[in-house]
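Q: I'm new to this one, and I'd like to go through it slowly. Could you show it to me before we start?
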Amino acid sequence: MSSTTVITNIATLVTNDPSSGDGSPLGLVRDAAVVIVGDRIAWTGESSKAPATDNRVDARGRTVLPGFVDSHSHLVFAGDRTEEFNARMSGRGYTAGGIRTTVAATRAATDEELEANLTRHLAEALRQGTTTFETKSGYGLTVADEARALRLAAAHTDEVTYLGAHIVSPDFADDPAGYVALVTGEMLDACAPHARWIDVFCEKGAFDGDQARAILTAGRAKGLHPRIHANQLSYGPGVQLAVELDAASADHCTHLTDADVDALANGDTVATLLPGAEFSTRAAWPDARRLLDAGVTVALSTDCNPGSSFTSSVPFCIALAVRDMGMTPDEAVWSSTAGGAAALRRTDIGRLTPGARADLTLLDAPSHVHLAYRPGVPLVSEVWRRGVRVVRQGPVAG
Ligand code: NIG
Ligand code: FE
């Protein structure tokens with residue numbers, strides 16, 4: 001029999017269960033408690049009604065919310081792009097071409113170097129409350145380098161995405177069709193066993209709509225489910241292709257026509273917004289309000305990568321989304337937890353309801369609103385993953 005633990009004296013509990021607490025989408029319960037049995041949530045409600053348990057943890061008036069679900073990152077890479085960032089902040093624009101710098105560094109790295117970099121960024125994300133993350137290949141662009149990236153990623157997460165179609169490999173600069181044939185052929189065969197998802201960067205300078213459709217369709221035939229980098233740098237066919245192919249998510253969604261918004265509102269594809277990319281490329285923000293008002297399901301994630309968004313911090317993205325993209329604090333918190341889960345087509349995470357995974361974050365704040373209200377402040381004081389406390393922050397004694 002698993003041991004039972006109650007976390008009690010929670011000022012604000014975010015359940016993401018609208019049938020709980022205040023009836024809002026966040027299902028907020030004040031003066032709350034959570035009971036954990038093994039790796040699952042067993043009960044949530046008012047502290048005074050909590051059942052007896054083996055162990056008791058006093059939250060001392062902190063906030064508890066589901067662990068963040070970061071449904072879009074690129075963490076298998078080597079090197080960094082400080083100079084490119086510096087040049088951008090002096091006025092140069094961002095293009096897909098910078099990816100080549102990271103491809104060269106990643107190919108030159110050993111497995112050990114890549115894994116050490118990956119685990120360092122995962123630890124960084126965990127300290128900031130991320131309990132589930134998706135990550136991609138895309139900085140190898142050879143059969144061996146893409147398969148290696150996915151194998152390394154799969155040792156750390158179930159949410160692994162094959163992105164051989166990040167850009168046309170520099171080895172195929174004069175033969176993009178040859179590269180698409182590789183991505184949909186031998187490379188796909190080598191990568192599919194390690195991945196759940198297939199992704200394409202559908203953009204000028206990367207892959208057009210026809211190439212993206214061919215790549216995603218080939219992936220689907222091998223059992224991978226589509227997600228797409230769509231409409232990041234310019235208007236284009238990516239979002240509508242995502243809906244047509246029932247992609248779990250269309251990611252970025254920065255340049256949208258009314259027809260794109262309508263397609264998202266009428267399909268099952270989540271719009272994943274990645275404000276770290278607009279921040280770090282000094283680009284115009286995606287319009288979250290327009291999507292939400294149209295009834296689109298919105299996720300909020302980091303896009304952590306060394307080129308366009310070198311942040312692993314979901315709280316930072318929440319603050320940006322609230323300040324600059326028209327989201328309310330409640331919407332941004334929902335999108336970075338339940339929204340991320342929806343973008344990964346998961347129902348066992350992103351919520352604190354009986355039976356869900358006991359992945360949760362304690363904030364040193366009386367409510368979740370402080371994530372946006374106190375930008376840049378390290379509010380995450382504890383993280384629990386699968387019922388185990390894996391992060392506990394505090395001053396070093398002495
Ligand atoms: O999501 N858009 C394509 N891929 C990444 C950027 C990768 C890079 O610049 O290294 C993104 O922003
Ligand atoms: Fe990305």
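A: Before the layout, one definition: the domain bounds used here come from an automatic or database domain assignment. Please also keep in mind that this is a predicted model.

Q: Okay, which domains does the assignment give for the chain?
A: The assignment gives domain 1, made of 4-67 + 351-392, and domain 2, which covers 69-343. The C-alpha centres of domain 1 and domain 2 lie 30 Å apart.

Q: And how many residues does each domain put into the contact?
A: Domain 1 contributes 22 residues and domain 2 contributes 18 residues. On the side of domain 1 that touches domain 2, at least two residues each come from strand S5 (63-66), helix H14 (370-373), strand S16 (380-385) and strand S17 (388-392). The largest share of that side, three residues, is supplied by S16.

Q: What kinds of residues make up that side of domain 1?
A: They divide into 14 nonpolar, five polar and three charged residues.

Q: Switching to the inside: how many residues are in the largest nonpolar core?
A: That core has 120 residues, and Val34, Ile318 and Ala321 are those with the most contacts inside it. The core takes at least three residues from each of domain 1 (4-67 + 351-392) and domain 2 (69-343). As background, nonpolar side chains in soluble globular proteins tend to be buried together.

Q: What does Val34 touch?
A: Not counting residues up to four places away in sequence, Val34 touches Ile7, Ile10, Leu13, Ile41, Thr44, Val64 and Leu352.

Q: Which residues are buried in helix H5?
A: In H5, which runs over residues 176-184, the buried ones are Tyr179, Val180, Leu182, Val183 and Thr184. What covers them includes strand S9 (160-165), helix H6 (186-191) and helix H7 (209-221).

Q: New topic: which residues does UniProt list for "binding site" along with His72?
A: The UniProt record, an unreviewed entry, lists His72, His74, His229 and Asp303 under "binding site". These residues span 232 residues in sequence, yet no two of their C-alpha atoms are more than 12.0 Å apart, so they gather at one spot.

Q: Where does His72 lie, and why does it count as buried or exposed?
A: His72 lies in the loop between strand S6 (68-70) and helix H1 (82-89). His72 is buried because 32 other C-beta atoms lie within 10 Å, where the cut-off for a buried residue is 20 or more. Leaving aside its neighbours within four places in sequence, His72 is in contact with Glu134, Asp251, Thr272, Leu274, Ser301 and Asp303, and Asp303 is also named in that UniProt list.

Q: What about His74, buried or exposed?
A: His74 is buried, with 27 other C-beta atoms within 10 Å, and His74 is found in the loop between S6 and H1. Residues up to four places away in sequence aside, His74 touches Thr135, Lys136, Gly138, Cys304 and Asn305.

Q: Which residues come nearest to ligand 1?
A: Of the 13 residues around ligand 1, the nearest are Ile99, Phe201, Asn305, Gly307 and Ser308. By class, this shell has three nonpolar, nine polar and one charged residues.

Q: Which residues does UniProt put under "binding site" together with Ser308?
A: UniProt, again in an unreviewed entry, places that feature at Arg81, Tyr139, His166, Gln232 and Ser308. Ser308 is found in the loop between strand S14 (298-300) and H12, and Ser308 is buried, with 27 other C-beta atoms within 10 Å. Beyond its neighbours within four places in sequence, Ser308 is in contact with Tyr94, Ala277, Ser280, Thr281 and Asp303.

Q: And where is Gln232?
A: Gln232 lies in the loop between strand S11 (225-230) and helix H8 (238-244). Gln232 counts as buried, with 26 C-beta neighbours inside 10 Å. Its contacts, leaving aside neighbours within four places in sequence, are with Glu203, His252 and Thr254.

How values were computed
Residues are numbered from 1 along each chain as its sequence is written. Chains are lettered from A and ligands numbered from 1 in the order in which they are written. This is a predicted model: local features need pLDDT of at least 70, side-chain atom pairs count only at pLDDT 80 or more; totals for chains, interfaces and linings use all residues. A residue is near a molecule or strand if its C-beta atom, placed from the backbone, lies within 6 Å of it. Ala, Val, Leu, Ile, Met, Phe, Trp, Tyr, Cys and Pro count as nonpolar, Asp, Glu, Lys and Arg as charged, and the others, Gly among them, as polar. UniProt positions are given in the numbering used here, feature names are shortened, and annotations may be inferred rather than shown by experiment. Helices (H or I, at least four residues) and strands (E, at least two) are DSSP runs, numbered from the N terminus. A residue is buried if 20 or more other C-beta atoms lie within 10 Å of its own, exposed if 12 or fewer, and partly exposed in between; C-beta atoms are placed from the backbone. Two residues are in contact if their C-beta atoms, placed from the backbone, lie within 7 Å. A nonpolar core is a set of buried Ala, Val, Leu, Ile, Met, Phe, Trp, Tyr and Cys residues joined through C-beta atoms within 7 Å.
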